[in-house]
Amino acid sequence: MGQAATRSSTNWHLKENARDHHTSKFSSKELIVRRGQAFIVTFNGTEQPEQNLIFIAETGPKPSKLAKTQATFGISSTVSKDSWSAVLQSTSSSSVSISISSPPNAVIGRYKLSVQSTLSGTSSPASLGTFVLLFNPWSSGDDVFMPNKAECEEYVLEEFGIIFAGNKNHISSFGWNFGQFQGDILNICLSMLDRSLNYRQDPATDVSHRNDPKYLGRVLSAMVNANDDQGVLLGNWSGNYEGGKSPSSWTGSGEILQNWKKSGFKPVRYGQCWVFAAVLTTVLRCLGIPTRTVTNFSSAHDADGNLRVDEFYDASGNHLDRAADSIWNFHVWNESWFSRSDLGPSYSGWQVLDATPQEESGGIYQCGPASRNAIKEGDVDLDYDCPFVFAEVNADCMYWNYDLTTGKKTLIFSKSTTIGQFISTKAVGRNDRVDITNDYKYEEGSRKERDIFKKARKKLGLEDKFDPTAPTPQETDQKPDISGKFKVDGLLEVGKDLNLILILANLQSDAKAVNVNMTAWSTVYTRRPIHEIWKDSISATLSPKEEKQFPIKIPYTEYQQRLTTDNTIQVTALCHVEGGIQVLVQRDITLDNPAIDIQVLGEAKVNKEVDVEVIFTNPIEMEVTDCVLQVEGNDLLRGILEIDVPPLKASEKSSIKFKLIPSETGPKHLLVNFSCDKFADIKAFKMVNVID
């Protein structure tokens with residue numbers, strides 16, 4: 001047989017194998033299968049009895065049996081559970097069909113398969129070609145096994161997702177095209193592994209660890225950000241996105257991953273948390289690890305590891321950008337599903353991974369996997385990065401007044417129930433929001449929740465350590481004389497004046513004189529102040545137990561030039577109460593963009609043109625210019641469509657038409673993003689059901 005079997009004579013049974021292995025959505029001419037499951041291959045040559053055939057499957061730059069990156073196996077009568085094996089299916093006069101099985105803990109990646117006959121003496125093995133092996137959530141022996149089939153469909157096979165954003169008072173959402181089965185994405189994911197720091201330092205060892213989802217999840221959480229390793233995305237939270245695309249303008253991961261490859265693997269500009277999380281979702285789903293995006297509202301970034309977040313305000317009520325700690329309006333990370341043999345069965349299941357570069361872990365910007373069960377139980381001493389994730393959902397908040405001239409700081413108040421609210425993810429098989437806060441912590445304010453917080457502090461050695469930056473008991477025990485809150489009065493829309501009511505209430509039975517300094521700043525979603533928009537001050541006397549309302553109006557003309565693409569404004573009132581402690585009233589406001597409407601004109605049929613109309617009405621009293629519509633949708637159009645739209649006068653309606661040629665049947669998603677000089681990134685999506 002010797003050299004007879006060349007690649008061209010191998011039949012990989014692409015259709016049948018892909019169907020059996022849930023890989024039909026890949027558009028590849030190469031065999032893509034999942035580990036721990038049999039696949040069929042047929043090749044030429046039967047001059048010798050079949051039992052004399054030896055197969056070699058190998059992966060990585062230095063295949064070795066010891067590292068489990070090379071397997072040599074003959075034909076046997078039954079499938080082996082824990083090693084590679086081949087079972088004869090059928091023979092004909094000119095070919096042999098074999099069923100090949102890999103163990104459920106095999107290294108994933110691209111393999112070379114060759115065959116050799118023991119009767120042909122010293123002739124070298126004949127190459128049958130290459131195939132790609134992935135994780136297998138449908139197989140009970142796999143670390144990523146997910147018993148619920150509907151969850152496998154959503155968290156591995158679904159290419160469309162919904163990401164939640166906004167703030168805790170006002171949750172919004174937008175669609176995302178993960179696109180893990182499109183074009184060249186699988187190859188890009190594999191080359192991502194080969195560009196990691198671990199691979200560069202020791203390729204053979206790195207490849208031998210690629211059977212372990214914990215290892216790959218951690219490595220990829222580092223590779224999705226550009227820090228340390230020239231990874232995929234460069235983060236930018238400055239509010240100025242020149243020299244790249246603004247993070248809020250992306251609608252899918254495909255364009256980002258393709259751009260990274262096309263540029264010779266230079267980091268793509270720019271990402272923020274949901275972009276990092278969405279790209280990591282694409283890569284992990286592509287490789288077969290069940291993964292989803294999760295949004296945490298009022299998310300703490302505890303830079304110094306003391307489970308406390310400090311915020312500073314000056315006497316005028318300006319939020320000072322001087323602390324390493326911060327509280328983000330929202331933060332998006334990932335959960336991936338796999339078992340934790342290193343920690344024990346009670347820590348298996350959903351694991352937190354975070355590709356946003358916030359703090360170094362082991363010297364590089366990576367985060368996780370942190371067992372979600374460990375976070376809930378306060379087991380912050382377990383691998384990996386549990387203290388950081390625990391703080392994201394549990395840290396206590398301290399608000400300080402900071403005197404810029406003397407450097408003296410005074411505690412205004414502290415709160416233990418602000419952080420980690422409305423933790424959200426997309427429902428399985430539906431576009432609804434599911435609240436998973438109770439999977440991260442016990443009920444806020446409950447005894448159990450405080451006990452877990454104490455347990456975590458103790459494990460981190462914070463209980464016994466004197467903390468010179470912590471407030472004194474006298475400071476924390478002070479009770480304010482008045483209370484205040486901002487109430488929204490009217491619609492929160494870009495283009496409309498912002499109307500609020502400051503409500504102040506005297507809690508005491510004697511009159512109180514109050515001086516209030518108010519500011520409004522545009523911010524990015526991390527609540528980092530960017531531009532001052534407005535300031536004002538009022539003085540008032542509150543009678544005993546009196547409540548007073550002060551209307552506030554911030555005209556559109558005042559904020560329009562200063563808004564960031566996040567449409568977020570932080571309004572603060574610092575109340576100086578005569579003879580009492582200061583009271584801080586603040587509210588983070590996210591303004592909604594105007595709506596955009598998508599209409600599919602007629603039935604969508606495979607390989608037939610169908611018209612789509614996108615309608616946008618300019619809601620403001622001035623002209624909008626530099627209008628661009630961006631459209632994408634798997635199996636509906638190739639690549640990304642960009643349409644320049646003429647300027648729109650005040651209240652003018654624009655109708656933008658284009659054609660789709662669907663290439664496959666089934667439910668498909670069309671995503672649009674419309675931008676102009678006055679509105680950034682108005683997003684919408686539409687499900688298009690394509691028929692034969």
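Domain bounds here come from an automatic or database domain assignment, and the model they divide is a predicted one.

Q: Into which domains is the protein chain divided, and where does domain 2 lie?
A: The division gives four stretches, of which domain 1 covers 14-134, domain 3 covers 479-590 and domain 4 covers 596-690.

Q: How many residues does domain 2 bring to its contact with domain 3?
A: The C-alpha centres of domain 2 and domain 3 lie 31 Å apart. In the contact between these two domains, domain 3 takes part with 28 residues, while the number from domain 2 is 30.

Q: What area do domain 2 and domain 3 bury between them?
A: The size of an interface is often given as the accessible area lost when the parts come together. On the domain 2 side, the residues that lose the most area to domain 3 are H319, N329 and I412, which together make up 22% of what that side buries. Of the area buried between domain 2 and domain 3, 50% is on carbon and sulfur atoms, and the total is about 2,500 Å².

Q: Which residue forms a salt bridge with D321?
A: Between domain 2 and domain 3 the count is 2 salt bridges, and there are also 16 residue pairs in polar contact. In the salt bridge of D321, the closest N and O atoms are 3.3 Å apart, and the partner is R528.

Q: Which element supplies the largest share of the side of domain 2 that touches domain 3?
A: Several elements supply at least two residues each to this side, among them β9 (160-167), α8 (273-287) and β20 (409-415). The largest share amounts to 4 residues, and the element that it comes from is β16.

Q: Which residue of β17 stands opposite N334?
A: Strand β16 pairs with strand β13 (residues 291-301) in the antiparallel sense over 10 bridges, and in this pairing V294 stands opposite W333. Strand β16 is also joined by 5 bridges to strand β17 (residues 349-353), again running antiparallel. Here the residue opposite N334 is L353.

Q: How many residues of helix α10 are buried?
A: Helix α10 spans residues 386-394 and is mostly covered. Its buried residues include C386, F388, E392 and N394. Of the 9 residues in α10, the number buried is 8.

Conventions
Residues numbered from 1 in each chain as written. Predicted model: local features only at pLDDT ≥ 70, side-chain atom pairs only at ≥ 80, totals over all residues. Heavy atoms only, no water. Pairing = 2+ DSSP bridges. Contact = heavy atoms within 4.5 Å. Buried area = accessible area lost by both parts, 1.4 Å probe. Salt bridge = Lys/Arg side-chain N within 4 Å of Asp/Glu carboxyl O. Polar contact = N/O pair within 3.5 Å; in protein donor to acceptor, adjacent residues only side chain to side chain. Buried < 20%, exposed > 50% of the residue type's maximum accessible area, 1.4 Å probe, protein only.
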